[in-house]
Amino acid sequence: MSRWFALGLAAALAGTAAAPAHASWLRSELRNFRTFPRLNEAYRLYQNEDYAKAREYVEQAERIDPSSERAAVLKFNICDEQKDLACIRELGLAWQKRAPSKGLGTAMLTYLAFLDGRDAELVRLAPKALRLSGLRAPIRNEIGEAWGNSLIRLGRTDEAAKAIAWMDSHQVAISAHNRKTWTEAIAQAAPQPAVETRSAPATPKSPQAPVQPAAPKVAAASPAPASPAPASPKPDPSASPAPAKPKAAAAAGSTHARRAAARSPRAAPHSPPAAPPPAPAQPPPTAQSEVLPLIEAARYPEAVAAIERLQRAGRLDAPTREGLVLTLQGRDCPSALQLVPPDAAAPLTTARQQLAAAYCSAEDAARATRHFAAAQSLAGSDTALASQALTGKAHSLAQQGDAAGAQAALAEAVRLAPNDAQAHAAYGYQLKTSGAKEEALREFEAAWRLDGSRTELLPELAWLAEQLNRREDAIRYGRAAIDEQGSIQRRLALPDDEAQRRLFGWRRAVQTQEDRFNWSANANIRLDHGPDTSVPLSPVDYSQYGGSLNLGASYRYTPLGAQLPTWVFGRASVGLEDRSLQTDPENKLLGMGVRQRLSQNYMVVGSAEYLWRKSAEHESDAMLRLSGSHTWGGDWNPVDSQWTYANIYGDLAWLVRASTYYATVQGEWGRQFKLENAPFKATLMPYLSSNYSANNDSVARADVNRLDVGLGVALQTWHREDKYRAPAISQRLSLEVRQVVAGNSTDRHTVQLKWILLH
């Protein structure tokens, strides 16, 4: 496989569609018109060997249309010229995920394995690329020959014979020279073929210029837009050779020339014998041919020694050294660090070498910071590279606890590269950590506008919008995150269980934001006889031991922010006779009031309520109330088959006119078990409970208190959900037995059937 492969990918992809399957035709055409001038300019700059600027334009086109194969191919060629192997790896992996049925991503990774000299990896990838669609014959032939050469070098001759047969049956052409070489090696069953020297041909081809898209259809009365004129395309590399670039050595020859020589006819039988020609002079070994086999054989100390020797002998230049260091970075970080001191003045060092060493110094944040600083210094006018160095430097500073330094570095990165989505995203994360939510949201939105493929930002956007009380934005971003759940899971490499938990959390957040109106209905039926004394209906649910039927409704406002909601509510209750659903007309309660959450971090609620209670001493009264609660495992769990539930609750209420109080503390602990065969989401939960309550709400104003312990079992169900919304309705039906263990209450034992329906 030669560098012709990298440049030939453009021809292999000519005419492929760029629009995603879900986009409309017009939207696709408009996107093509936006990307065309950028790709055209990127191609022109690429021809002029201004690779850094060309990369800026092609990355702009990528952000507009992440599914553009033309942009991907041009970026691949640019990264190859820049010897940016990390870029090629990232691009190949991204396209494997974006288009798993096509061979583009796998072909890129195959080429990368060739450049790195990783024959075993090439042998793994090449047959995958050949079995996928989207690659034309010239590229398939190059991949096939690289596959065979790697098998021979690895001594896997049996597999090589099978590979030849497979390629013959799948129209993958093999040159006569390679076929002869492989056949001889198979016949001899050579266990350790020599490592083939890899060198670039003298006449690399340029990628095909982007094809001008067709104008979108418009109404008859509207004039058609003028299309920009494309740059003159280069010849198709698969058709005829292009003139050599000035920097290429003409004497090196091309892959096709070597193959043509191998296929040249022999002299006729009647020709007089000629003296054998002198053997051609072997070219001197290159640095790559000396070092890459050592890296491939995992002989890293010898590879480091060879690089240092070549550098002392003056046989190494900075770009070649950079390529070798980047290859080592992917195989053995200690060796790369041995070659790259954190010093911008080190001989033959480059910004990318310093970046490679910085990434290898993940466990040593201080050293990584020095490498990133050196990379920033060496980046010069390459603002994209300087921004990358500053972003990495910020991460290392943050690891060392220097939040201010990290924030300053990221602010500088955004200033240098305002179109760098990574810099904006990193700045957003740093601002979010420091509590600057408004500024963090602004940076995340900028990153999302610049790079729509960064779907992992959507949950951050939704959360920050909710925190900042931007309800419509929170819903929009939350729904978008749900749509992109699969992409987010891939980009964050989340395990399936964690991805499902996060998805349910996003759905719950959307449902909570959308539903401002809430209601409840509950019934408490006493199954045994209580004391004969008449007790008015308790205004506090947790202190209600008699039977009751209750309805309530509330509307949520957020004038103080989404984390400090305000509820306006109303409720009605009526007492029930023991062991029946018969109401007690003399025991009724009506109330209306306002609740206010008092803490962003804890569920602490204060309320003021007007009450009307029939049979109480003061039928009309006002109640001031402070309550707090916390629940673990109360909502549906999308992953586990069983989980622990716990709840604690505290309540203190004061009736103004009656000058009486209610105090309650309650706890529950249970274990939820999913009912897998139920037609809806359901769990069965045995639980323990304990409750302490005290009040003096009686005619005699006597203090009554009790401490209960109880056992119960509850059936809980969840209903009304869709793709974007978690279940909006929950229902709980429980049977509970309580026994008083302390206190002066005459009611010593209760058996209760409770039903609660919540929206």
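This is a predicted model: local features need pLDDT of at least 70, side-chain atom pairs count only at pLDDT 80 or more; totals for chains, interfaces and linings use all residues.
Reader: Fine. At what angle do H24 and H25 pack?

Author: Helix H24 (residues 485–492) packs against helix H25 (residues 496–514) at about 135°, with the axes 11 Å apart. The two are therefore oblique to each other. Axes here are lines fitted to C-alpha atoms, for helices over the stretch in contact, and angles run from 0 to 180 degrees between N-to-C directions. Helices are DSSP runs (H or I, at least four residues), numbered from the N terminus.

Reader: Which residues in H24 meet H25?

Author: Gln485, Ile488, Gln489 and Leu492. Among their partners in H25 are Ala499, Leu503 and Trp506. Contact means heavy atoms within 4.5 Å.

Reader: And what sits in the loop between H24 and H25?

Author: Ala493 is in that loop. Its phi is positive, about 55°, although Ala493 is not a glycine. Most residues other than glycine have a negative phi.

Reader: Ala493, buried or exposed?

Author: Exposed, with a relative accessible area of 64%. The cut-offs are under 20% for buried, over 50% for exposed and partly exposed in between (1.4 Å probe, protein chains only).

Reader: Where is Lys83, and what is its phi?

Author: Lys83 lies in the loop between helix H4 (69–81) and helix H5 (85–98). Its phi is near 55°, positive in a residue other than glycine. Lys83 is partly exposed, at 32% relative accessible area.

Reader: Switching to H17. How many residues has it?

Author: H17 (residues 365–379) has 15 residues. From first C-alpha to last it reaches 21 Å, close to the 21 Å expected at 1.5 Å a residue; the expected span is 1.5 Å times one less than the number of residues.

Reader: Which residues of H17 are buried, and what covers them?

Author: The buried ones include Arg367, His371 and Phe372. Their cover includes helix H15 (333–339), helix H16 (351–360) and helix H18 (383–399).

Reader: What comes just after H17?

Author: Gly380, which takes a positive phi of about 60°.

Definitions and conventions. Residues are numbered from 1 along each chain as its sequence is written. Side-chain values use heavy atoms; hydrogens and water are left out. Angles under 35 degrees count as roughly parallel, over 145 as roughly antiparallel, 65 to 115 as roughly perpendicular and the rest as oblique.
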